[in-house]
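Here is a short report on one structure. It covers a cavity and its lining, then a sheet and the helices packed on it.

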Amino acid sequence: MKGFSGKIIRVNLTTRKITFEQPGEKFFRKYIGGRGIIAYYLLKEIPKDTDPLGEENTLVFTASVLTGVPVPGFGRHSVGAKSPLTGLYGESESGGFWGPELKFAGYESIIVQGKASSPVYLWIHNDTIEIKDASHLWGKETGETFDILERELENKRIRSLIIGPAGENLVRIAGIAHDLTHYHGRTGMGAVMGSKNLKAVVVRGTNKLEFEDLPKLKELARFFARNFHSNADNNGQNNHGTSDYYFGAQAAGSLPTRNFTSGHFKELTYSADELHGELKIKSDGCYACPVRCKQVFQAEKPYRIDPKFGGPEFETLAAFGSLCGVSDMYAGPKAH
Ligand code: SF4
């Protein structure tokens, strides 16, 4: 089977031992990737009644057999563990570039066990896999951490998963930032990283994936690109991203408002065009995707909004806007 190495990295942070596993093609045909692989390892390895923030929890970072295929939708990866938020299966997915980068480095997944005695981060650069000291990064927010990592690894092309102070302090809803503009927001995976003293997982891969029929894949990618751009819905996605749903839901009477007590937020007086006209500086996207639905916002007044954090999705606008009864157009983007 082409397009994948079948290689899984296992890191025990307690013993600082790094090993490799190759469970074989049958395994990958059965579990494929993402949540399939996560469910397999969590069920197999986590003892009953394990504390999600304890040393025995297993944390899985994984791409899939299709991640890295140069066609839209194949840039995604997942992070999973027993969730500190629910006490059940926890998993959170993200787009972006980290998954393909892991594949280009030569791996499908990373399984992290144990707990480091002091803060560390993982650095994976093709055949080099290191557990590096992160004491100087502990306590720092994601933006500053990202800048330091870029400088100290002397590589502007790193792809990163980073936690901030929330994850370090085991806040049960803490997420993981991926390159500052994509996020693993669900099930508290940032707190699981924090419980293992794991500040970041940084990847850089320079190998090429081999495919059975690359010309056919390129033809498929061209087909998607042509059709995405001739489709009005996708042009909307490109112009405003998922933030369009904020205004669509308002029109439909289904906008989560004032802690879900209403579906209409009467104080919402600005439009999607006004929001983007005022704050958007460009669109951004994920691996091999022509839609580029991610929005990048910037402002100096009334609040400073730093473009390195991208821009808000629908969920952020609703959570910090209508759900809290906040009608200030700049507040949601600033909170994001
Ligand atoms: S740019 Fe938007 S549509 Fe394309 S893969 Fe990323 S999230 Fe999905």
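In this predicted model, α12 gives the largest share of the lining of the largest cavity, three residues. Helices here are DSSP runs (H or I, at least four residues) and strands are E runs of at least two, numbered from the N terminus. α11 (314-320) and α12 (331-335) each supply at least two lining residues. A cavity is a set of points on a 1 Å grid over the protein atoms alone where a 1.4 Å probe fits but cannot get out; lining residues have an atom within 4 Å of a point. The largest cavity has a volume of about 40 Å³, taken as the space filled by probe spheres set on the points. Its lining includes Tyr246, Leu317, Phe320 and Asp328.

The model is predicted: local features need pLDDT of at least 70, side-chain atom pairs count only at pLDDT 80 or more, and totals for chains, interfaces and linings use all residues. Residues are numbered from 1 along each chain as its sequence is written, and side-chain values use heavy atoms, without hydrogens and water.

Six strands form an open sheet with mixed pairing, in the order β8-β7-β12-β9-β10-β11. Strands pair if DSSP finds at least two bridges between them. β8 (128-133) and β11 (182-184) are the edges; each has a single partner strand, so one side of each lacks a neighbour in the sheet. β9 and β12 run antiparallel, joined by four bridges.

Two helices contact the sheet (heavy atoms within 4.5 Å). Angles run from 0 to 180 degrees between N-to-C directions of axes fitted to C-alpha atoms, for helices over the stretch in contact.

| Helix | Angle |
|---|---|
| α3 (residues 98-105) | about 65° to β12 |
| α4 (residues 142-152) | about 140° with β9 |

Key:
On a 1 Å grid over the protein atoms alone, a cavity is a set of points where a 1.4 Å probe fits but cannot get out, and a pocket is an open set with protein on both sides within 12 Å along at least five of seven lines; lining residues have an atom within 4 Å of a point.
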